[in-house]
Amino acid sequence: MNEKIVKMQKKVKKYLDEDRYQHTMGVMYTAGALAMCHKVNIDKALIAGLLHDCAKCISADKKIKICKKNNIPISEVEYENPGLLHAKLGAFYAESKYHITDSEILCAIRCHTTGRPAMSALDKIIYIADYIEPGRAALPNLEAVRELAFRDLDACICRILKDSLAYLESKNIPLDPMTERTYQYYQELEDE
Ligand code: FE
Ligand code: FE
């Protein structure tokens with residue numbers, strides 16, 4: 001693999017616990033495979049997959065502190081559920097600590113938890129790889145979602161959002177309005 005990526009991999013490992021690192025490797029290789037299948041730049045997919053959770057293993061208090069210090073806006077839902085901040089913070093670290101300047105990679109990291117309407121192919125690949133990587137504990141419809149991932153990215157995104165929203169609702173977990181908007185966008189696209 002690209003030497004730059006191997007170096008980054010060693011650095012990421014230092015900031016993640018073992019489970020998160022294993023998940024990260026799963027996302028990185030799954031993103032690479034999806035990129036091959038959908039003709040997206042493979043290195044960009046590997047790097048975005050590798051760095052997507054680089055800010056995950058930071059305490060909630062510290063996440064808020066770092067955001068404030070660096071003028072990263074925090075929404076109401078993010079205050080309620082600071083875990084959500086790891087995506088924004090991940091993009092910030094990718095740029096400041098891993099010297100990633102590619103805006104497509106940074107964007108894919110930034111939107112990997114909520115998605116966004118009109119995602120790029122790379123955004124979709126990271127969002128999907130995060131959900132389907134081999135180490136994922138059994139989720140409803142995972143087999144169907146995995147099959148869709150290599151066939152139709154938009155349909156796959158729509159399916160994941162539908163299942164995620166149902167899950168979050170059933171657990172009474174506060175929803176980021178962006179997730180809702182993303183779902184509406186992809187549902188309309190599927191209905192066309
Ligand atoms: Fe994440
Ligand atoms: Fe993840």
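In this predicted model, isoleucine 132 packs against a run of neighbours from elsewhere in the chain: leaving aside residues up to four places away in sequence, it touches Thr30, Leu34, Leu142, Val145, Arg146, Ala149 and Phe150. Ile132 also belongs to the largest nonpolar core, a set of 60 residues. Within that core, Ile132 is listed among the residues with the most contacts, together with Leu50, Leu51, Ile100, Ile125 and Ile128.

Then there is the metal site. Asp53 (OD), His86 (NE2) and His112 (NE2) coordinate the iron ion (ligand 1) at 2.1 Å, and these donors follow the spacing D-x32-H-x25-H in sequence. Asp53 and His86 bring together distant parts of the chain, 33 residues apart: the aspartate sits in the loop between α3 (42-51) and α4 (60-69), the histidine in helix α6 (residues 86-96).

As for the rings, two aromatic pairs turn up. Phe92 and Tyr93 have their centres 5.9 Å apart and their planes at 35 degrees, so this pair counts as tilted. Phe92 is partly exposed at 24%, whereas Tyr93 is buried at 12%. Tyr185 and Tyr186 pair edge-to-face, at 4.9 Å between centres and 70 degrees between planes. Here Tyr185 is partly exposed at 32%, while Tyr186 is buried at 1%.

Two lysines also meet tyrosine rings. The charged end of Lys11 sits over Tyr98, 4.8 Å from the ring centre, and Lys13 lies over the face of Tyr21 at 5.3 Å.

Notes: Residues numbered from 1 in each chain as written. Chains lettered and ligands numbered in written order. Predicted model: local features only at pLDDT ≥ 70, side-chain atom pairs only at ≥ 80, totals over all residues. Heavy atoms only, no water. Donors = N, O, S within 2.8 Å, 3.2 Å for Na, K, Ca; no water. Helix = DSSP H or I, 4+ residues; strand = E, 2+ residues; numbered from the N terminus. Core = buried A, V, L, I, M, F, W, Y, C linked by side-chain atoms within 4.5 Å. Buried < 20%, exposed > 50% of the residue type's maximum accessible area, 1.4 Å probe, protein only. Contact = heavy atoms within 4.5 Å. Phe/Tyr/Trp six-rings, centres within 6.5 Å; stacked < 30°, edge-to-face > 60°. Lys NZ or Arg CZ within 6 Å of the ring centre and 35° of its normal.
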